Amino acid sequence: MDFVSQSIQEAVCGAMDDSTILVADSHNFPIVQGLGQTVLVAEPHIDAVNDIRTTYRYEKVIAVGGCSVLDVGRACAEPGALTVFPSILSHSCLSTDRSVLIRDGIRTSMRTVAPVVAVISKPSVQAAHSGQGVKWTTSGLGDLFSSLSASIEYQWPSGADDRMKLSQIEVTSRVPVVREAVEWVLGSPGQTGDLDLWSLARYSHESSLEVLRLGHTRLNAASEHLLCYRLQERYRYPADRATHGRLVSIGTLLVCAMFSRSNRDHDFYWSIRRLYEKSGLPSGYEDLNGIGVRREHILRGLDDLADTNCLLGRLYREYGSGMADDVFG
């Protein structure tokens, strides 16, 4: 990961050449479209990837924007030929080799290409996260903390009857980068907007590298992400309100709450709720209503998972709607 003092436009301009294609989201497209061969990415759809691959001639890819356009860039690039310029730190997939793409209306995670480098434009990212943009900081934290529920699910497989033996230490020790991030947030003075963005970027980057090291995403994304995808597919929330990290945080809190109930470790659950308060993440139905997510949406999403063996599906079969009401009510 490189931090630069140039704007995104200036930094991308210095990286472009005639062999490079630039993919950008709607926010960044007007900023970079004059720098070379540029494609606007509206959604992370597999058809967009196929169109780029078959229509354009290129050797290298530069992706500029949020999580969705980075996903497309990873899917369009060959190994060793991708540079990403995240314009916001709203997700923890900065440097991973996985993309979530839409195929036949369903979001699916697939292995793609990791970037050679993720370049963070400090002035551009700082401006994007200021004022109302603090929501992107909250979103990035929400995506990062999903590793807590993923770790629980990883160690609580289908059919396991030893859930009571899993300790809080075993949960957090599997995800040391996220454990450090949790301690950083809880120990930081002030509120979400006062957090150091470059620390958030480093934690997100390091979490991405853990995926590369492990060779799988099971400690980064589990059924909390599946719930997020089902909600997005059914309700198509405005992405600037119901951000990815806020939606993912719904399942994370549910899993942590049910784990604490099963384990009788209430301190763990209340520490997670403090973490949510400090991060600005939704922890009640009123908060969720504020981003357009209704109680019935969550129950419908959980019902969609009830026929699967993912942890949230199994918990919903056991506890029903009371699971969500106990946490968010």
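A residue is called buried when its relative accessible area is under 20%, exposed when that area is over 50%, and partly exposed in between, using a 1.4 Å probe and the protein chains only. This is a predicted model, in which local features need pLDDT of at least 70 and side-chain atom pairs count only at pLDDT 80 or more, while totals for chains, interfaces and linings use all residues. Residues are numbered from 1 along each chain as its sequence is written, and side-chain values use heavy atoms, with hydrogens and water left out. Helices (H or I, at least four residues) and strands (E, at least two) are DSSP runs, numbered from the N terminus.

**Salt bridges**

- A salt bridge is a side-chain nitrogen of Lys or Arg within 4 Å of a carboxyl oxygen of Asp or Glu, and by this rule the count comes to twelve salt bridges.
- Glutamate 78 forms one of them with arginine 53, and the closest N and O atoms of this pair are 3.5 Å apart.
- This pair links distant parts of the chain, since glutamate 78 lies in the loop between helix H4 (67-76) and S5, whereas arginine 53 lies in helix H3 (residues 46-55), 25 residues apart.
- Glutamate 78 counts as partly exposed because its relative accessibility is 45%, and arginine 53 is also partly exposed because its relative accessible area is 36%.
- Aspartate 71 forms a salt bridge with arginine 74, with the closest N and O atoms 2.7 Å apart.
- Because aspartate 71 and arginine 74 are three residues apart in helix H4, they are separated by about one helical turn, and both of these residues are buried.

**Arginine 111 and its surroundings**

- The side chains of arginine 111 and aspartate 97 meet in a salt bridge, at 3.1 Å from N to O.
- This pair also links distant parts of the chain, with arginine 111 in strand S7 (residues 106-111) and aspartate 97 in the loop between S5 and strand S6 (98-103), 14 residues apart.
- Which of the two partners is buried and which is exposed? Arginine 111 is exposed because its relative accessible area is 52%, whereas aspartate 97 is buried because its relative accessible area is 10%.
- Salt bridges that share partners join Asp97, Arg98 and Arg111 into one network.
- The C-alpha atoms of arginine 111 and threonine 96, which are 15 residues apart along the chain, are separated by 9.2 Å.

**Two buried residues**

- Glutamate 224 is found in helix H10 (residues 223-235).
- Leucine 82 is found in strand S5 (residues 82-86), and leucine 82 counts as buried because its relative accessibility is 0%.
- Leucine 82 and isoleucine 62 are 20 residues apart in sequence, and their C-alpha atoms are 5.9 Å apart in space.

- On a 1 Å grid over the protein atoms alone, a cavity is a set of points where a 1.4 Å probe fits but cannot get out, and a pocket is an open set with protein on both sides within 12 Å along at least five of seven lines, while lining residues have an atom within 4 Å of a point.
- Grid points are joined across faces, edges and corners, and a volume is the space filled by probe spheres set on the points.
- The structure holds one cavity of 30 Å³ or more, and about 70 Å³ of space lies in the largest cavity.
- The residues that line the largest cavity include Ser147, Arg174, Glu210 and Asn220, and the elements that give two or more residues to this lining are H8 and helix H9 (197-214).
- The second largest pocket has a volume of about 160 Å³, and among the residues that line this pocket are Leu148, Arg179, Glu183 and Phe268.
- Helix H7 (168-173), helix H8 (176-187) and helix H12 (266-279) each supply at least two residues of this pocket's lining, and H8 gives the most, with four residues.
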